[in-house]
Amino acid sequence: MAQPPLSVRLELWRLTRHPTTRRLYDAIERQGVFLAQLDRFQRPAAGDPDTPDPPAGVRLSTTRAADGVPDRLAGAPIAPDDIIVRAHRGGETVGSCCLSHRPVYVPELHRRLDFEGTYLWKLCVAPAERGRGIGSAIIGRAIEASAATTAGIEALVAPDNLPSRRAFSGCGFHPVERFTSLGAGRHQWHRQQPLDGEAPEPY
C-alpha cells in the first residue's frame with residue numbers, strides 16, 4: 001500500500017495551518033490567486049460508525065440551525081434546515097459540525113457542490129479539547145443523524161490535513177474523489193479526479 005505523501009509524513013500540515021501562514025494565504029487569495037485541493041470522503045449512513053463515546057463530562061446534541069449555531073459557525077453559509085451537531089462540556093460548546101442536504105458553496109474551492117448524500121462540514125473541536133476523541137464522537141453522532149434521511153454521508157478533507165483524515169478514516173469513510181481548484185484574477189480552473197480503489201488510510 002502506498003505511503004502517505006512526504007508532506008504528510010513530515011507533518012507539514014502543521015505549518016500550513018499556522019495562523020501566520022493562514023493570514024499570508026488569505027492575503028494572496030484576496031488578490032484573486034488561489035490553489036486548493038480537497039478529497040471527498042464518503043461512507044454509508046447506515047451501519048455502526050464504531051466511534052468512541054465522548055470523554056467523561058462531554059455530551060452531544062443535535063439541533064436545527066434555525067435554533068442557533070455556535071460562534072465558530074457564525075460566518076458560515078448555513079441554512080435554517082441544516083443540522084448542527086455539538087459537543088458540550090458544562091454550558092460551553094467545545095466542538096461542532098454542520099450537516100446539509102443541499103448544494104453548498106465551498107469557499108476553498110470557489111465553487112458550489114451538490115453532494116449525493118448528507119454533507120458533513122465545518123467539523124471543529126476547541127484547541128484545548130483536541131486529541132480526546134471528541135471529533136470522532138461528533139462524526140459518529142452525525143452519521144447516526146443522517147441515517148434516517150439519506151443513504152450516505154460525505155465530507156471534504158485536504159490531502160495534508162492528517163488529523164481529519166485519521167478521524168474520518170477511523171469512522172469508516174473512504175476517499176473517493178479529489179477536487180482541485182486554481183484561480184488567477186478572473187480565470188478559474190476546476191478538476192475532479194476519481195480516487196476509486198483507494199483503501200481507507202492505515203492510520
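**Exercise 1.** In which sense do strand β9 and strand β10 pair, and over how many bridges?

*Solution.* The model is a predicted one, and the two strands are located in it by their residue ranges, with β9 covering residues 174-184 and β10 covering residues 187-194. Their pairing is antiparallel and runs over eight bridges. Finally, the connection is a hairpin with two residues between the strands, and in its turn G185 adopts a positive phi of about 65°.

**Exercise 2.** Determine whether L35 is buried or exposed, and name the surface feature to which this residue belongs.

*Solution.* Begin with the position of L35, which lies in strand β1, residues 33-44. Its relative accessibility is 54%, and because the cut-off for exposed is over 50%, L35 counts as exposed. Together with L182 and W189, L35 makes up a nonpolar patch on the surface, and the three residues share about 320 Å² of accessible area.

**Exercise 3.** List the buried residues of helix α5, and then describe the backbone just after this helix.

*Solution.* Helix α5 spans residues 162-170, and within it L162, R165, A167, F168 and S169 are buried. Just after α5 comes G172, whose phi is positive at about 90°.

**Exercise 4.** Characterise the chain as a whole by its elements, burial and contacts.

*Solution.* Five helices and 10 strands are found in the chain, and 42% of its 203 residues count as buried. Among contacts between residues at least 6 apart in sequence, 64% join residues at least 24 apart. The accessible surface amounts to about 11100 Å², with 52% of it belonging to carbon and sulfur atoms.

Conventions
Residues numbered from 1 in each chain as written. Predicted model: local features only at pLDDT ≥ 70, side-chain atom pairs only at ≥ 80, totals over all residues. Heavy atoms only, no water. Patch = residues over 30% accessible without salt bridge, like charges linked within 9 Å, V, L, I, M, F, W, Y side chains within 5 Å. Areas by Shrake-Rupley, 256 points an atom, 1.4 Å probe, with all protein chains shown as cover. Salt bridge = Lys/Arg side-chain N within 4 Å of Asp/Glu carboxyl O. Helix = DSSP H or I, 4+ residues; strand = E, 2+ residues; numbered from the N terminus. Buried < 20%, exposed > 50% of the residue type's maximum accessible area, 1.4 Å probe, protein only. Contact = heavy atoms within 4.5 Å. Pairing = 2+ DSSP bridges.
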